[in-house]
Amino acid sequence: MYQEKRVSILLLLHSHLPFLRECQIKEPVEETWFFEAVIESYIPLIRIFEELAERKVTFRVVLSLSPTLLEMLDDPYLMNRLKEHLNNLDSLIKRELRRKKRTVFYEIVEFYRKRIEETDYFLRRRKITKAFQDLAKNGYLDLITTAATHAYLPLFSSYPHVVWLQIKTGLEIFRRHIKLRGGALQGFWLPECGYYEGLFPLLRKAHIDWTVLEAHGIVFGRPVPPEGIFRPVLSPEGILLFARDAETCRFVWSKDIGYPGNPWYRDFYKDVCYELSDSEWRLFRKDGIRHHTGLKYYRIGGKEKKPYIREKALNIANLHAVDFVKKLEARASQAMELTERPVIVLAFDTELFGHWWFEGPEWLKKIIELIAVNDKLRLIIPEDVLDNNSRFREVLPVSSSWGEGGFNSTWLSKENSAYVKAIYRAIEEAPASIFKSSNARPFRKPSALREFLLMQSSDFLFMLKRDENSKRYGERRLKEHLMAFYKALF
């Protein structure tokens, strides 16, 4: 008989960056995206998880690691570049300590100095992938992956052999970097939560047991599940489907009501790179190209920016954590009215915590602590919902994503349609041997396969709809991968 009275919370963090390794370009600006994510998100989260584990706080979190991110985290060239970046930051911070001496900013500059020192210490002794793997082996994390280059899979629904290549290659890369015990449920994060009818037979072929869809993908499925988003359902193929609770997640995501917009939190955009003179900046970057360093001294506020006060910001983060858990309790009460064993799914990009929302890791830590002692809530991973009495309704979902508007417009629009057509043309001109390769019969032109997969990345198509700098970068990467594909092929 089912005894658990607490409502299950499935917390999933999806970790992904596009592949940024560009050896042919000296010190590309975009590689700093990777450096900042490591310094501000991945290592701080590892430290928080390990601290919680050391204090024997009960928690289980699903962590998705994309193949492109795994390749970068274990790439000696990029990790050496990261160490060079840390050295440059250390020199910049020392200059900033002198410049900000006897000002209200000195304390936050000292905080950054200590963080860079701790990051360097961590990387000299440990690998990030190994730290995540150890947390998984000890039962705190459930590690999963996604498509090889984070391709938006509905875009390739007419090319199932391409979708299969993305799935198969993604799992192969993941298993090359992460060694886990057998027997656990195998999950798979759908890039951008993108689903189309016809996808699940391919996931089933890859022995995938579960995935997450955006809420409307399930609540408008056939038949409509009376439990709504609060109970997992089974696809006709037998894949367990969890619905992301967008209503609850908006308290973190929403630019209008989300916690990260609080005026006491750190302003992401006001970086010291815009404050330094040309001569001062060139001491950090010789070519003079401005980009974010991660040193930011102001809180969000209004037109007149005020100094960032770390202690005050963390106090606000704790209050927001308490508020969020109360909202979760209220949501749990609603869910209990629909089903006796509800599951509330919270799914976020990992990089939100620390990089975009600087206080995010501490907020997350407090959330985990509060849920651990809560008599109404518990953190779970998917295999925890299975027991002898488990029954799941069979539902055929509808096409969906977590992009703007909930469908495909973020990755298929007038801004990027020409590139989508070019990618389709490349698919149709690709030799069949790309798709039929195996360990026994590998594709003879691996560079062509690499470019073939990279051109399908969701990131570059997404960038075409953003600001001019992002658009230029997305266009350059798409052109380079298309041209390199044909060059390698012919």
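**Reading strands, backbone angles and cavities**

Modeller: Helix α12 (360-372) contributes the most to the lining of the second largest cavity, with 4 residues. The model is predicted, so local features require pLDDT of at least 70 and side-chain atom pairs count only at pLDDT 80 or more, whereas totals for chains, interfaces and linings use all residues. Residues are numbered from 1 along each chain as its sequence is written, and side-chain values use heavy atoms, with hydrogens and water left out.

Colleague: Which residues line the second largest cavity, and how do they divide by class?

Modeller: Ala, Val, Leu, Ile, Met, Phe, Trp, Tyr, Cys and Pro count as nonpolar, Asp, Glu, Lys and Arg as charged, and the others, Gly among them, as polar. The second largest cavity holds about 50 Å³ of space, and its lining includes Ile9, Leu11, Phe348 and Trp363. By class, that lining has 10 nonpolar, no polar and no charged residues. At least two lining residues come from each of β1, β7 and α12.

Colleague: What is the volume of the largest cavity, and which residues are closest to its centre?

Modeller: The volume of the largest cavity is about 100 Å³. Among its 14 lining residues, Ile39, Glu40, Ile116, Thr293 and Gly294 are the closest to the centre. Two or more lining residues come from each of α1, α3 (76-99) and α4 (106-125). The lining divides into 7 nonpolar, 3 polar and 4 charged residues.

Colleague: Are the two faces of β1 buried or exposed?

Modeller: In a regular strand the side chains alternate between the two faces of the sheet. Buried means under 20% relative accessible area, exposed over 50%, and partly exposed in between (1.4 Å probe, protein chains only). In β1 (residues 7-15), Val7, Ile9, Leu11, Leu13 and Ser15 on one side and Ser8, Leu10, Leu12 and His14 on the other are all buried.

Colleague: Which strands pair with β1?

Modeller: Two strands pair if DSSP finds at least two bridges between them. Strand β1 runs parallel to β8 (residues 377-380), with 4 bridges, to β7 (residues 343-349), with 7 bridges, and to β2 (residues 61-65), with 4 bridges. Val7 has Leu377 of β8 as its bridge partner, and His14 has Asp349 of β7. Ser15 stands opposite Leu65 in β2.

Colleague: What is the handedness of the β-α-β unit that contains β1?

Modeller: A crossover is right-handed if, with the strands pointing away from the viewer, the path from the first strand over the helix to the second runs clockwise. β1, helix α1 (residues 31-54) and β2 form a right-handed unit.

Colleague: Which backbone angles deserve a look?

Modeller: Most residues other than glycine have a negative phi, and most peptide bonds are trans. Glu27, in the loop between β1 and α1, has a positive phi of about 50°; Glu27 is partly exposed at 32% relative accessibility. Lys56, in the loop between α1 and β2, has a positive phi of about 60° and is exposed, at 69% relative accessible area. The peptide bond from Arg222 to Pro223 is cis, with omega near -10°, and Pro223 is in the loop between α8 (215-219) and β5 (233-234).

Technical notes. On a 1 Å grid over the protein atoms alone, a cavity is a set of points where a 1.4 Å probe fits but cannot get out, and a pocket is an open set with protein on both sides within 12 Å along at least five of seven lines; lining residues have an atom within 4 Å of a point. Grid points are joined across faces, edges and corners, and a volume is the space filled by probe spheres set on the points.
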